[in-house]
Amino acid sequence: MVLAENQKLLIPSKSENMVLVEKLVDDVCDLFDIKEEIYGHILVALTEAVNNALQHGNKANPDKHIAVTFKVKSDTLYFTVKDEGIGFDFNNLPDPTDPANIEKPTGRGIFLMKHLADKISFEDKGIKEIGRASCRERV
């Protein structure tokens, strides 16, 4: 894959397409010589965002698509994930660290994203997620 500014990956909502997202992260991190720790954070945060778009936003409907874009500004990578769902209340999510939620098999994706990325924001009622990661090591 030849990368360009504002590279866009448009994939049908099928779990087998996650490998394309992983390949995008590999290519971006190789191109910008991202350190292994930051690479791991980007990979987990972005695959969580895409998995949320696939499972929750698009309800795994292969006729719906997920758009993944990236751009670089200064020393910061921005990844955007947009699905075709109806959105969600991102301000009112259960705390996965609450003892009542610890045993639940789901509900940790956004929690992980927020802890692995420098910043996560939501737009369009939550159908668009924007993650920011510095290309430099965290201090």
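At 43% relative accessibility, Asp124 is partly exposed, a class that lies between buried (under 20% relative accessible area) and exposed (over 50%), with a 1.4 Å probe and protein chains only. The model is predicted, so local features need pLDDT of at least 70 and side-chain atom pairs count only at pLDDT 80 or more, while totals for chains, interfaces and linings use all residues. Residues are numbered from 1 along each chain as its sequence is written, and side-chain values use heavy atoms, with hydrogens and water left out.

**Salt bridges**

Side chains of opposite charge can pair when their charged atoms come close. A salt bridge here is a side-chain nitrogen of Lys or Arg within 4 Å of a carboxyl oxygen of Asp or Glu. The whole structure holds three of them.

| Pair | N to O distance |
|---|---|
| Lys23 and Asp27 | 2.8 Å |
| Asp124 and Lys82 | 3.7 Å |
| Lys128 and Glu123 | 3.6 Å |

Asp124 is in the loop between strand E4 (119-123) and strand E5 (128-134), whereas its partner Lys82 is in strand E3 (residues 76-82); the two are 42 residues apart, and the pair links distant parts of the chain. Helices (H or I, at least four residues) and strands (E, at least two) are DSSP runs, numbered from the N terminus. Lys82 is partly exposed, at 34%.

Lys23 and Asp27 are four residues apart in helix H1 (residues 18-31), and are therefore separated by about one helical turn. Asp27 is buried at 12% relative accessibility, while Lys23 is partly exposed at 40%. In the remaining pair, Lys128 is partly exposed at 23%, and Glu123 is partly exposed at 34%.

**Aromatic rings**

Rings of Phe, Tyr and Trp (its six-membered ring) pair if their centres lie within 6.5 Å; planes under 30 degrees apart are stacked, over 60 edge-to-face, and the rest tilted. The search of the whole structure finds four aromatic pairs. One of them is Phe70 with Phe79, a tilted pair at 6.1 Å centre to centre and 35° between the planes. Phe70 is buried at 2%, and Phe79 is buried at 6%.

Phe88 and Phe122 have ring centres 5.5 Å apart and planes at 85°, so this pair is edge-to-face. Because Phe88 lies in the loop between E3 and helix H3 (109-116) and Phe122 in strand E4, the pair ties together parts that are 34 residues apart in sequence. Phe88 is partly exposed at 30%, whereas Phe122 is buried at 13%. Ring pairs join Phe88, Phe90 and Phe122 into a cluster.
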